[in-house]
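This report describes how parts of one protein chain pack together and where open space remains between them. Please consult the sequence and the structure shown below while reading.

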Amino acid sequence: MAAIGAKRGGTDLMQLFYAPRSPFSRKILAAIVELGLTAQVSLVRVDPWTDETLRRYNPACKVPTLLLADGSALFDSPVIARYLDSLSENILIPPGPQVWDALRREALGDALAEAVIRRFVDQLSRRDDRLDRVVARQEAAITAILDRLEAAADWMRAPTDLGHLAIACALDYLDGRSPELAWGAQRHLLAAWFYDFRGNSSMKIAADPEKGAFRIVNQSHPLVEV
């Protein structure tokens with residue numbers, strides 16, 4: 001059976017299924033840029049809520065999903081990030097004991113993004129006491145994570161790693177989805193770091209990847225037999 005993927009210039013390309021608003025997609029897009037792998041990845045933009053195409057490769061039908069040249073798929077974002085890091089001479093996962101700090105911060109960034117998503121979705125539903133408690137729990141998680149990141153600020157001065165990308169993408173999503181929380185008002189160190197960091201080329205391209213060096217696959221016919 002033929003492998004599924006795409007070819008450009010005789011080189012097998014990986015395909016990244018992504019959604020523009022997804023903070024987890026943005027983390028992987030930024031990682032691809034930081035790792036210098038844009039020439040090896042083509043992009044397939046999908047809406048995982050309405051497009052069942054993705055379920056063929058990821059049973060959970062979630063983004064990001066990375067389709068490899070041999071037809072196998074990797075998901076979710078922590079797994080994809082580790083795989084991509086293994087392909088590059090650049091690294092986003094530092095060696096030695098520092099790895100645990102980077103991965104812990106990645107987990108905090110991912111947890112922050114998840115809490116913002118849950119809070120936003122749950123607020124769209126009819127409110128009752130149970131739902132109010134769920135929203136309050138998400139808000140408590142958002143507050144605690146932001147306070148932890150502000151209080152232990154040494155990481156802000158470290159070389160860019162996967163933790164930085166996860167945190168920055170989560171904060172960007174928080175700004176867009178829940179501006180009423182005004183999270184930066186009492187967290188000046190974190191806010192200053194974020195508004196500076198999001199000026200990096202990797203963050204700018206992740207926010208608008210179609211203007212980057214990626215190959216964009218036709219969404220109506222995203223896959224090519226090779």
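In this report, a helix is a DSSP run of H or I that holds at least four residues, and helices are numbered from the N terminus. Aspartate 110 has its place in one of these, helix α3. The model is a predicted one.

Is aspartate 110 buried or exposed? Residues under 20% relative accessible area are classed as buried. Aspartate 110 counts as buried because its relative accessibility is 15%. Setting aside neighbours within four places in sequence, aspartate 110 is in contact with Phe24, Lys27, Ser77, Pro78 and Ala166.

Phe24 and Lys27 also belong to the contact between α1 and α3: Pro23, Phe24 and Lys27 in α1 meet Glu106, Asp110, Ala113, Glu114 and Ile117 in α3. By class, this contact has four nonpolar and four charged residues, with no polar ones. Helix α1 covers residues 23-34 and helix α3 covers residues 98-123; the two pack at an angle of about 145°, and their axes are 10 Å apart.

**Pockets**

| Pocket | Volume | Lining residues by class |
|---|---|---|
| Largest pocket | About 800 Å³ | 16 nonpolar, three polar, nine charged |
| Second largest pocket | About 190 Å³ | seven nonpolar, two polar, three charged |

The largest pocket is lined by 28 residues, of which Ser22, Pro48, Trp49, Val63 and Ile117 are the closest to its centre. Which elements give two or more residues to this lining? They are α1, α2 (77-87), α3 and α5 (162-177). Helix α3 gives the most, with seven residues.

Among the residues lining the second largest pocket are Ile91, Leu92, Gln98, Arg105 and Trp155.

**Nonpolar cores**

The largest nonpolar core has 53 residues, and those with the most contacts inside it are Leu16, Leu84, Leu171, Leu190 and Trp193. Helix α5 supplies the largest share of this core, nine residues. Apart from it lies another core, of ten residues, including Leu54, Cys61, Val63 and Leu67.

Leucine 190, one of the residues with the most contacts inside the largest core, touches Leu146, Leu149, Glu150, Trp155, Met156, Leu171 and Trp183, when residues up to four places away in sequence are not counted. Trp155 is also one of the residues that line the second largest pocket.

Methods: Residues numbered from 1 in each chain as written. Predicted model: local features only at pLDDT ≥ 70, side-chain atom pairs only at ≥ 80, totals over all residues. Heavy atoms only, no water. Axes fitted to C-alpha atoms, helices over the stretch in contact; angles between N-to-C directions. Contact = heavy atoms within 4.5 Å. Nonpolar A, V, L, I, M, F, W, Y, C, P; charged D, E, K, R; others polar. Buried < 20%, exposed > 50% of the residue type's maximum accessible area, 1.4 Å probe, protein only. 1 Å grid on protein atoms, 1.4 Å probe; cavity = no way out; pocket = protein on both sides within 12 Å on 5 of 7 lines; lining within 4 Å. Points joined across faces, edges and corners; volume = space filled by probe spheres on them. Core = buried A, V, L, I, M, F, W, Y, C linked by side-chain atoms within 4.5 Å.
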